[in-house]
Amino acid sequence: MTTTDLAPASQDAPGSADGRPPVLELAGVTLRRAGKEILHGIDLRVEAGEHWAVLGPNGAGKSTVLSLCGANQHPTTGTVHVLGHRLGRIELQALRRMIGHVDPRHRVASPLTVEQVVLTGLTGSADLPRRWEPTPDQAEHARELIASVGMGDRAGLRWPTLSQGERGRALIARALVGRPQLLLLDEPTTGLDLAARERFLTALDGVVAEQPTTSTLLVTHHLEELPSTTSHAALLRDGAIVAAGPVDEVLTSAGVSEAFAHPIRVERTHGRWHASGA
Ligand SMILES: Nc1ncnc2c1ncn2[C@@H]1O[C@H](COP(=O)(O)OP(=O)(O)OP(=O)(O)O)[C@@H](O)[C@H]1O
């Protein structure tokens with residue numbers, strides 16, 4: 001395989017105040033599937049270095065929004081710009097190589113080892129292309145990431161034999177291996193034990209510190225799983241955004257209660273969030 005580098009961001013990419021295109025811009029996005037509109041007029045703008053939490057009840061459309069941001073599907077109407085490129089005008093796989101995506105729907109078809117699965121993050125594919133080899137730097141970075149998610153002694157294990165939590169850890173390393181400018185995390189701590197969850201949050205804080213322009217979007221059902229570096233939040237309900245903006249303005253008891261149609265008390269202590277029934 002030849003690695004196709006992306007052309008410079010398209011001329012029609014919307015600009016920000018400093019002239020750089022936003023990392024993500026969704027404008028008037030609707031999406032229809034199986035005769036049903038599942039997203040209605042989504043507007044969302046994410047700048048470099050912002051860290052977004054995406055929250056909402058089951059079926060609100062969180063994963064669907066992330067799949068658009070991850071160049072996995074096109075909107076039915078409206079526009080999606082990712083890293084300055086408009087979906088529909090760019091080869092999706094080339095774009096995917098610049099995005100780290102922890103996707104619970106990710107399928108590993110062949111019995112790859114943990115190390116091989118992590119390396120597929122560099123090729124943006126489900127399998128390792130024939131004749132493709134990582135550079136020594138890439139291989140070393142993959143090994144470091146595998147160790148950082150606590151899988152250093154399991155790098156040679158094959159995918160079908162892994163537990164759910166081990167797969168989750170491998171997919172986090174896979175998402176980080178390309179040092180992406182955009183990191184999409186769809187319930188990344190599902191199946192992780194308590195220590196692995198905290199290790200993941202520490203690893204994410206490390207990425208944020210090492211790569212200050214990387215932006216993240218994290219979907220979770222549990223406010224306790226939000227990293228303390230979260231800067232913004234979007235609340236979804238029934239395929240629409242009910243609130244989006246700086247995290248302390250959006251993750252309030254009133255905002256979260258409205259999104260979930262249920263009274264919820266939200267508290268923030270030592271930088272982390274907690275939710276309980278009001
Ligand atoms: N390919 C599809 N065909 C038909 N309906 C779909 C399709 N993909 C998603 N949907 C529907 O769109 C809605 C939003 O789904 P989505 O997975 O984005 O929700 P979510 O907020 O991530 O939910 P959860 O918290 O349960 O994971 C759901 O009602 C779902 O059934």
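Mentor: The model is predicted. In the unreviewed UniProt entry, the annotation "domain: ABC transporter" covers residues 24–263. This span is 32% helix and 25% strand, and its end C-alpha atoms lie 32 Å apart.

Two packed helices are described by the angle between their axes and the distance between the axes. For helix α3 (residues 114–123) and helix α4 (residues 136–148), the axes come within 10 Å and cross at roughly 120°. An angle of 65 to 115 degrees would count as roughly perpendicular and one over 145 as roughly antiparallel; α3 and α4 are therefore oblique to each other. The crossing in which α3 passes α4 is right-handed.

On the α3 side, the contact is made by Val114, Glu115, Val118, Leu119 and Leu122, which meet Gln138, Ala142, Arg143 and Ile146 of α4. Sorted by class, the residues of this contact are 6 nonpolar, 1 polar and 2 charged.

The loop between α3 and α4 holds arginine 131. Although not a glycine, arginine 131 has a positive phi of about 70°. Arginine 131 has a relative accessible area of 78% and is therefore exposed, the cut-off being over 50%.

A positive phi, of about 50°, is also found at alanine 34, again not a glycine. Alanine 34 belongs to the loop between β1 (24–33) and β2 (36–46), and with a relative accessible area of 87% alanine 34 is exposed.

Notes: Residues are numbered from 1 along each chain as its sequence is written. This is a predicted model: local features need pLDDT of at least 70, side-chain atom pairs count only at pLDDT 80 or more; totals for chains, interfaces and linings use all residues. Side-chain values use heavy atoms; hydrogens and water are left out. UniProt positions are given in the numbering used here, feature names are shortened, and annotations may be inferred rather than shown by experiment. Helices (H or I, at least four residues) and strands (E, at least two) are DSSP runs, numbered from the N terminus. Axes are lines fitted to C-alpha atoms, for helices over the stretch in contact, and angles run from 0 to 180 degrees between N-to-C directions. Angles under 35 degrees count as roughly parallel, over 145 as roughly antiparallel, 65 to 115 as roughly perpendicular and the rest as oblique. A crossing is left-handed if the near helix is turned anticlockwise from the far one by less than a right angle, and right-handed if clockwise. Contact means heavy atoms within 4.5 Å. Ala, Val, Leu, Ile, Met, Phe, Trp, Tyr, Cys and Pro count as nonpolar, Asp, Glu, Lys and Arg as charged, and the others, Gly among them, as polar. Buried means under 20% relative accessible area, exposed over 50%, partly exposed in between (1.4 Å probe, protein chains only).
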